Amino acid sequence: MGSVEIMAFPLVIVVAVAENGVIGKDNGLTWRMPSDLKRFRRITMGKPLIMGRKTFQSVGRPLPGREIVVITRDEGFTAEGVHIAHSPKEAVAKAKALAKAMGADEIIIAGGGAIYTAFLPCASRIDLTRVHASIDGDAIFPSPAQEEWRETAREEHAAGPGDDHAFTLITLSRTSKSP
Ligand SMILES: NC(=O)c1ccc[n+]([C@@H]2O[C@H](COP(=O)([O-])OP(=O)(O)OC[C@H]3O[C@@H](n4cnc5c(N)ncnc54)[C@H](OP(=O)(O)O)[C@@H]3O)[C@@H](O)[C@H]2O)c1
């Protein structure tokens, strides 16, 4: 038809955060939450994921059914079965091409702390699992500015089988463009 296809791919942050903002310690998760891992799998399946080199190394492998773009400043970094980018901008360009090829409608920002901080200003939605515990850790989720986000869904959950803690699923949607 000769029409130009303009495809926007929202950036969606998926994160599990303790009450005190902690998301990890010693480059790993500090809780066992199989319910949340299942939710992560469900939300991310069939989509491109952008993650920091440290988080990728903690995950340790490509994830079935998803494409991972790993961000690193190390020009020599290689890993099998994933895509490499050296800046957030390059990561988004690669993830957009992957989303288009996969038929996905959004791009997942999968952490960790440095990557959440870099992408929070341009994310459209945050799918947040609030883990009901205060945890000792060294990786922190940046606080979303209250005036830029509104809660659009909330579900309370008791700890499921094997979960260390009860949790609340919270969806935050952007109300405004970032400054
Ligand atoms: N609870 C959750 O939902 C969740 C989710 C994901 C991760 N985590 C946790 O988060 C922690 C890891 O977070 P983190 O902040 O330490 O590391 P990270 O965000 O996973 O990775 C940081 C690395 O990304 C690269 N990077 C960051 N900004 C960049 C930029 N602007 N341009 C190019 N490369 C860039 C650098 O890699 P190089 O050093 O190679 O240059 C940097 O060292 C772990 O404990 C993990 O378990 C928790």
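## An exposed loop

Asp 26 is exposed, with 9 other C-beta atoms within 10 Å. Asp 26 lies in the loop between strand E2 and helix H1 (34-44). Asn 27 is found in the loop between E2 and H1 too. Helices (H or I, at least four residues) and strands (E, at least two) are DSSP runs, numbered from the N terminus.

This is a predicted model: local features need pLDDT of at least 70, side-chain atom pairs count only at pLDDT 80 or more, and totals for chains, interfaces and linings use all residues. Residue numbers start from 1 along each chain as its sequence is written.

Most residues other than glycine have a negative phi, and most peptide bonds are trans. Asp 26 has a positive phi, near 50°. Asn 27 has a positive phi as well, near 55°. A cis peptide bond joins Gly 111 and Gly 112, with omega about 5°. Gly 112 lies in the loop between strand E6 (107-109) and helix H4.

## Around the ligand

The ligand is surrounded by 29 residues. The closest are Gly 24, Gly 52, Gly 111, Gly 112 and Gly 113. Four elements each supply at least two shell residues: strand E1 (11-18), strand E2 (22-24), helix H2 (53-59) and helix H4 (113-119).

The shell has twelve nonpolar, twelve polar and five charged residues. Ala, Val, Leu, Ile, Met, Phe, Trp, Tyr, Cys and Pro count as nonpolar, Asp, Glu, Lys and Arg as charged, and the others, Gly among them, as polar.

## The sheet

Eight strands form an open, mixed sheet in the order E5-E4-E3-E6-E1-E7-E10-E9. Strands E5 (83-85) and E9 (149-157) are at the edges; each has a single partner strand, so one side of each is left without a neighbour in the sheet. The twist averages 25° from one strand to the next. Two strands pair if DSSP finds at least two bridges between them.

E4 (residues 67-71) and E5 are parallel and share three bridges. Val 69 stands opposite His 83 in E5. Helix H1 packs on the sheet, with its direction at about 175° to that of E1. Helix H3 (residues 88-102) packs on the sheet too, touching E3, E4, E5 and E6. Axes are lines fitted to C-alpha atoms, for helices over the stretch in contact, and angles run from 0 to 180 degrees between N-to-C directions.

E1 runs parallel to E6, with three bridges. Val 12 has Ile 108 as its bridge partner in E6. E1 also runs parallel to E7, with seven bridges. Val 17 stands opposite Arg 130 in E7.

## The core

Which residues touch the most other members of the largest nonpolar core? They are Ile 13, Ile 50 and Ile 109, in a core of 41 residues. E1 gives the largest share of this core, seven residues. A nonpolar core is a set of buried Ala, Val, Leu, Ile, Met, Phe, Trp, Tyr and Cys residues joined through C-beta atoms within 7 Å.

In E1, seven of its eight residues are buried. Ile 50 touches several residues, including Val 69, Ile 71, Ala 91 and Ile 115. Contact means C-beta atoms, placed from the backbone, within 7 Å.

Notes: Near = placed C-beta within 6 Å. Buried ≥ 20, exposed ≤ 12 C-beta atoms within 10 Å, placed from the backbone. Contact = placed C-beta atoms within 7 Å. Lists of a residue's contacts leave out its neighbours within four places in sequence.
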